[in-house]
Amino acid sequence: MLNGSTFIRRELMIRIVRAFDSGTLESELDRIPIKLRPKNEPSSRCCVYHDRAILKYRLMALLGVSVEEETDEAKPLSAYYAEKAWSHPGETSTPKTPLSVCGPACSGCPDARVVSTQNCRGCFARPCVYNCPKKAIEVVDGHSVIDQKLCIKCGKCITACPYNAIVKTTVPCEEACPVGAIKKNEFGVAAIDFDKCIFCGKCFNACPFAAVMERSQLIDVLAAMKRGEKLVAMVAPAAEKQFPGKIEQLLAACAKAGFSDVMEVALGAEKTTAHETAEFIERMEKNPKTFMTTSCCPAWVNLVWKHLPDLVDHVSLTPSPMVYAREIVKAKDPDAKTVFIGPCVAKRSEARRKDVDYVLSFEELGAILAGRKIDVIACEPWPVPRPANPTARNYSRSCGVTDAVLTEATSKIPGFKLDAKQINGIDRKTCTMVKLHASGKIPVNFLEVMACPGGCQNGPCSLVK
Amino acid sequence: MDKVKVEICCGTACYLLGAANMMNIEDQLPAEWRGKVEVEAKTCLELCEKENLGGAPYVRINGSEIMAQATPEKLLTRIGELVEGVA
């Protein structure tokens with residue numbers, strides 16, 4: 001859904017592409033914050049100067065610079081850009097940590113608490129007092145008061161109160177993080193613990209101050225195109241319905257934008273299906289009591305590696321559709337560079353491991369198309385050698401992988417039975433659920449996990465959810 | 001009685017900056033306005049460059065009136081005013 005955070009991020013991206021193409025980016029960069037927040041005009045935060053400071057950090061993140069790594073506050077954006085544009089030509093730069101927290105943008109939300117508000121009427125029945133399991137609520141001077149030392153934030157009083165007088169305040173990023181990786185540091189500002197972070201991107205979407213930023217490779221891609229490198233756009237299956245028009249028209253738009261070749265990642269998904277099915281059958285033959293879990297969602301794979309070490313052996317060893325797509329590109333032209341285009345933050349961490357050169361989000365691709373005045377609906381459909389099969393195009397949806405594997409397996413072994421379960425969106429409960437599956441308490445032999453509810457099209461960087 | 005003509009810019013810039021939310025505006029029209037409004041999705045109207053990018057998404061009404069930072073709510077209100085006017 002569009003809000004102030006997504007709007008400003010997209011607006012800045014489009015401005016960057018336009019300025020890059022007109023050759024004025026270096027001279028314009030430092031002026032963008034001033035242009036967008038001129039003095040004597042309204043500000044979004046306390047004053048235009050605070051707004052401008054944060055716009056500078058936002059532009060830094062768009063240049064691919066980690067806000068946490070800033071050492072010289074006086075260093076202008078143009079200097080970061082100059083380093084970026086002229087150093088290591090041809091070298092790729094997938095950042096190790098694709099997310100970055102901008103301290104000055106963080107509002108330092110007060111810790112989550114359950115509090116009684118002015119709506120309290122100090123009623124006679126006092127359901128809050130009676131329902132509190134910790135006896136943490138007292139009525140003082142006709143108003144309920146919650147003792148924060150005793151309160152366990154169970155929320156029973158919230159549901160009990162007929163006046164909706166009791167509320168829970170939250171820290172949205174901490175609430176959204178499924179693994180407790182984002183916490184306030186000693187300065188009261190959110191910071192990500194990258195040893196724990198699985199790059200699911202939930203905090204990136206949750207923060208109402210847009211303090212969590214994605215480290216972009218937009219400039220790297222634009223610069224590589226300008227150097228005349230052959231960049232192949234690999235468009236994720238989740239692109240369906242993200243832009244107006246058909247997927248073939250989006251491929252044509254990518255080609256028009258300057259990619260040397262384009263392909264659907266769904267073609268890679270076909271290979272994933274074939275391998276994953278074969279792997280599954282083999283595993284079941286060896287040990288019918290075991291279970292296998294999917295490997296295409298990178299946030300899920302990160303979750304297993306970092307937080308569920310007992311499950312590592314259960315994760316399918318089959319490469320993801322992106323990895324197979326890269327193989328297809330490299331087989332055709334070993335010199336070509338690969339650009340994965342999708343709705344995912346965690347794919348940036350997978351791309352780094354699997355030698356995919358660049359990752360762009362749908363937002364960043366949109367910015368390139370907008371900057372270069374390419375309308376997807378005005379493009380003639382790209383002549384694909386053959387469209388990917390429907391089960392592969394459906395990979396990005398929850399149940400899509402299960403469906404593809406089941407279809408493939410039944411075509412090989414008639415009457416094949418799959419005892420599949422899906423975890424549709426990772427949250428704090430997921431780890432408990434997964435452990436139940438693993439212990440055999442909930443029987444399953446094929447466990448599909450998607451970090452984003454509904455699948456990739458609801459990913460952190462998708463345009464339409 | 002002329003129909004109210006609504007042209008929604010579906011250029012990629014406007015699409016990214018909010019036009020995606022207005023694609024189904026026709027379905028949101030109250031029944032009594034149907035037939036009195038003509039909605040068209042247009043390729044880039046080039047207002048994001050002539051006017052300013054922060055004003056996207058743009059909608060053009062009756063060929064000349066420009067609505068900047070259009071939202072479904074703003075657009076429906078304006079359509080309402082015009083429909084009532086011509087009715």
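A:Asp51 forms a salt bridge with A:Arg37, and their closest N and O atoms are 3.0 Å apart. A salt bridge here is a side-chain nitrogen of Lys or Arg within 4 Å of a carboxyl oxygen of Asp or Glu. The pair links distant parts of the chain: A:Asp51 sits in helix α4 of chain A, A:Arg37 in the loop between α3 and α4 of chain A, and the two are 14 residues apart. Over all chains, the search of the whole structure finds 26 salt bridges.

This is a predicted model, in which local features need pLDDT of at least 70 and side-chain atom pairs count only at pLDDT 80 or more, while totals for chains, interfaces and linings use all residues. Residues are numbered from 1 along each chain as its sequence is written, chains are lettered from A and ligands numbered from 1 in the order in which they are written, and side-chain values use heavy atoms, with hydrogens and water left out.

The loop between α3 (32–36) and α4 (48–62) of chain A also holds A:Asn40. Phi of A:Asn40 is near 70 degrees, a positive value in a residue other than glycine. Helices (H or I, at least four residues) and strands (E, at least two) are DSSP runs, numbered from the N terminus.

The domain assignment of chain A, which is automatic or from a database, gives domain 1 as 4–105 + 176–216 and domain 2 as 113–169. The C-alpha centres of domain 1 and domain 2 of chain A lie 40 Å apart.

Next come the strands of chain A. Strand β3 (residues 137–140) of chain A runs antiparallel to strand β4 (residues 143–146) of chain A, and 4 bridges join them; two strands pair if DSSP finds at least two bridges between them. A:Val140 has A:His143 in β4(A) as its bridge partner. β3(A) and β4(A) form a hairpin with 2 residues between them, and A:Asp141 in the turn has a positive phi of about 50 degrees.

Elsewhere in chain A, 3 strands form an open sheet with parallel pairing, in the order β11-β15-β14. Its edge strands are β11 (292–293) and β14 (420–424) of chain A, each of which pairs on one side only. Between β14(A) and the parallel strand β15 (residues 446–450) of chain A there are 5 bridges. One bridge partner pair is A:Ile423 with A:Val449 in β15(A).

Turning to the interface, 17 residues of chain B are in contact (heavy atoms within 4.5 Å) with 25 residues of chain A. Chain B and chain A bury about 1700 Å² between them, 67% of it on carbon and sulfur atoms. Buried area is the accessible area (1.4 Å probe) that two parts lose on being put together, summed over both.

On the side of chain B that touches chain A, α1 (12–16) and α2 (47–50) of chain B each supply at least two residues. The largest share of that side, 4 residues, comes from α1(B).

In the loop between α2 and β3 (59–61) of chain B lies B:Pro57. The peptide bond from B:Ala56 to B:Pro57 is cis, with omega near 0 degrees.
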